[in-house]
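My entries follow in the order I looked things up.

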Amino acid sequence: MSETQSSSQPIVIIGTGLAGYTLARELRKLDRQTPLVLLSKDDGASYSKPMLSAALAQGKTPADLTLAKAASMAEQLAADIRPHTVVTGIDPAGHRVRLGEGVLEYRQLVLAVGASPIRLPLAGDAAGEVFSVNNLADYSRFRAMADPARRVAVIGAGLIGCEFANDLAAVGKEVVVIAPEATPLGRLLPPQAGAALQQGLAEAGVQWRLGATVEAVNRRADGLRLRLSDGQTLETDGVLAAVGLCPDTRLAEQAGLAVARGVAVNRELRSSDPDIFALGDCAEVAGLVLPFVMPIMHAARALAKTLAGQPTPVTYPAMPVVVKTPAHPVVVTPPPAGAPGSWQVERRPEGVRARYLGPDGALLGFALTGALVAEKQALTRELPPLLA
C-alpha cells in the first residue's frame with residue numbers, strides 16, 4: 001500500500017461502546033483531518049454503560065441514559081458513523097472489512113467489539129426468558145420486565161450481579177441472588193470482605209441462595225419457577241443472569257489474528273497484524289484482561305497517540321475498582337495474578353480493611369468495604385503500577 005493510498009483511507013473503529021467512542025474522542029484531540037469511520041451493530045447512541053446497573057435507584061429510564069445519538073456523535077467527532085452495520089469479516093492482507101456484500105478499506109483498524117455475556121446451559125421451557133444485560137438495548141428489555149415485577153432472581157454474585165441486586169432492592173423489589181460461591185465477589189475479595197458485602201445487602205433486603213446453581217427455569221401461571229441444584233425451587237417474576245463476560249474474539253479469530261483470553265495485543269494495543277489494534281473488553285493487553293472503565297481510558301489515550309503517528313505504549317497505574325453497592329460500598333484493587341503473598345484482614349464495625357502483602361511486606365492489593373472505602377486514595381498511593 002502506497003503512502004498516498006494509506007493517507008486517503010480511513011481509520012476504522014468497529015464498535016461504538018465506551019472503548020470505541022473514547023478512542024475516537026481522544027484521536028480527534030490530536031488529529032481532526034484523518035478520515036474516521038465507526039461501525040456500530042446497534043443504533044450507535046452514546047451512553048454510559050456503567051450506569052445500567054444503577055439507573056433504577058437514580059430514577060432513570062433507558063431513554064434517560066442516552067447521552068447523544070449517532071448523528072450528534074458523528075458531528076462532534078467529524079466522523080462517518082454507520083449504525084446497524086454488521087461486520088462479517090476482516091481481510092488483513094487487503095486492508096478491508098466485509099460488510100455483508102460490501103467492503104470498506106481501512107488504513108488502520110481498531111477492534112472495540114467488547115465482550116459477550118456467558119450463557120448458562122439451563123433446562124426448562126422458560127430458559128429463553130432469562131435476561132442478560134450487556135448494552136442499552138438489553139437493558140431496555142430488562143426494564144420492561146423489571147419495572148412491573150415484584151420479585152426478581154439474579155443469577156451470579158459477581159460485580160454486576162451485586163450491583164443489580166442493590167439497584168433492584170433500592171426501589172423495593174424482592175431480590176434473590178443465586179450463586180455457587182460461598183461469599184459474593186469471590187474472585188475479587190477475600191471471604192471476610194465478601195461476607196461484609198453480603199450482610200450489607202441482606203440488610204437492604206437482598207436474599208441469598210449461595211452454594212447453589214440454577215438448573216432449570218419453567219413457566220408457571222403467574223411467573224417463573226427456578227429449580228436449584230440443592231433440590232429447592234424458587235418462584236419469581238423474572239430472572240437476570242450476571243455470570244460474567246467472555247471477550248468477543250470472533251472477528252479476530254476469523255482474520256487469523258493471535259487470540260488468547262482476548263485479542264492478544266502488545267502495549268501499543270497492536271495485534272499480530274501491525275495495522276489492526278484492539279482495546280476494551282475484547283482485548284488482552286500484554287497478558288492482562290481488564291474489563292473495567294479506567295483501563296479503557298488509559299488504553300484509549302495511548303492508542304490515540306499511536307494512531308496519530310506517535311507510537312505510545314500504554315501504562316497502567318494502580319486502578320481501584322469501585323463497586324456500585326451503596327447499601328455497603330466496596331472498592332478493590334486485586335493483587336496481580338499469581339503474586340506471592342497473603343491477605344491481612346481487619347474486620348471493624350464500620351467495614352472491612354484487607355491488604356494483600358507480598359513476602360517483603362509491600363502492598364500489592366487491597367479491599368475496603370463500608371465506611372472504610374474512604375481510605376482508597378491513601379492505599380492506592382502505596383501500590384505499584386500495574387504496567388509501568
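**Entry 1: charge pairs**

I began with E346, which is partly exposed at a relative accessible area of 28%. This is a predicted model. I then looked for the partner of E346 and found a salt bridge with R348. The closest N and O atoms of E346 and R348 are 3.6 Å apart. R348 is partly exposed too, with a relative accessible area of 35%.

Next I looked up E375. E375 forms a salt bridge with R353, and the closest N and O atoms lie 2.5 Å apart. The pair links distant parts of the chain, 22 residues apart. I placed E375 in the loop between β26 and α9 (376–380). R353 belongs to strand β25, residues 351–357.

Are E375 and R353 buried or exposed, or in between? E375 has 23% relative accessibility, so I noted E375 as partly exposed. R353 has 11%, so R353 counts as buried. The cut-off I applied for buried is under 20% relative accessible area.

I also checked E268 and R270. Their side chains meet in a salt bridge at 3.0 Å, N to O. E268 is partly exposed, with a relative accessible area of 22%. R270 is at 21% relative accessibility and therefore counts as partly exposed.

Then I looked for a network. R220, D222, R225 and E235 are linked by salt bridges in one. How many salt bridges does a search of the whole structure find? I wrote down 20.

**Entry 2: the strands around β23**

I moved on to strand β23, residues 330–333. V330 and V332 point one way from the strand, and V331 and T333 point the other way. I noted all of these residues as buried.

Which strands pair with β23? Strand β22 (residues 321–323) pairs with β23 in the antiparallel sense, over three bridges. V322 stands opposite V331. A hairpin of six residues joins β22 to β23. Strand β26 (residues 363–369) also runs antiparallel to β23, and four bridges join the two. There I found F366 in β26 as the bridge partner of T333.

**Entry 3: the parallel sheet**

I traced an open sheet of five strands next. The order is β5-β2-β1-β9-β20, and the pairing is parallel. At the edges I found β5 (80–82) and β20 (276–278), each pairing on one side only. Neighbouring strands of this sheet are turned by 15 degrees against each other on average, direction ignored.

I then looked at one pair within the sheet. β1 (residues 11–14) and β2 (residues 36–39) pair in the parallel sense over four bridges. V12 stands opposite V37 in β2.

What packs on the sheet? Helix α2, residues 18–30, does. I noted that α2 touches β1, β2, β5 and β9 (108–111). The direction of α2 makes about 170 degrees with that of β2.

**Entry 4: a nonpolar patch**

I ended with L18, which is found in helix α2. L18 is partly exposed, at 31% relative accessible area. Which residues make a nonpolar surface patch with L18? I found V293 and M294. The patch made by L18, V293 and M294 covers about 210 Å².

Methods:
Residues are numbered from 1 along each chain as its sequence is written. This is a predicted model: local features need pLDDT of at least 70, side-chain atom pairs count only at pLDDT 80 or more; totals for chains, interfaces and linings use all residues. Side-chain values use heavy atoms; hydrogens and water are left out. Two strands pair if DSSP finds at least two bridges between them. Axes are lines fitted to C-alpha atoms, for helices over the stretch in contact, and angles run from 0 to 180 degrees between N-to-C directions. Contact means heavy atoms within 4.5 Å. Patches are made of residues with over 30% relative accessible area and no salt bridge: like charges are joined within 9 Å, nonpolar side chains (Val, Leu, Ile, Met, Phe, Trp, Tyr) within 5 Å. Accessible areas come from the Shrake-Rupley method with a 1.4 Å probe; for residues, only the protein chains shown count as cover. A salt bridge is a side-chain nitrogen of Lys or Arg within 4 Å of a carboxyl oxygen of Asp or Glu. Buried means under 20% relative accessible area, exposed over 50%, partly exposed in between (1.4 Å probe, protein chains only).
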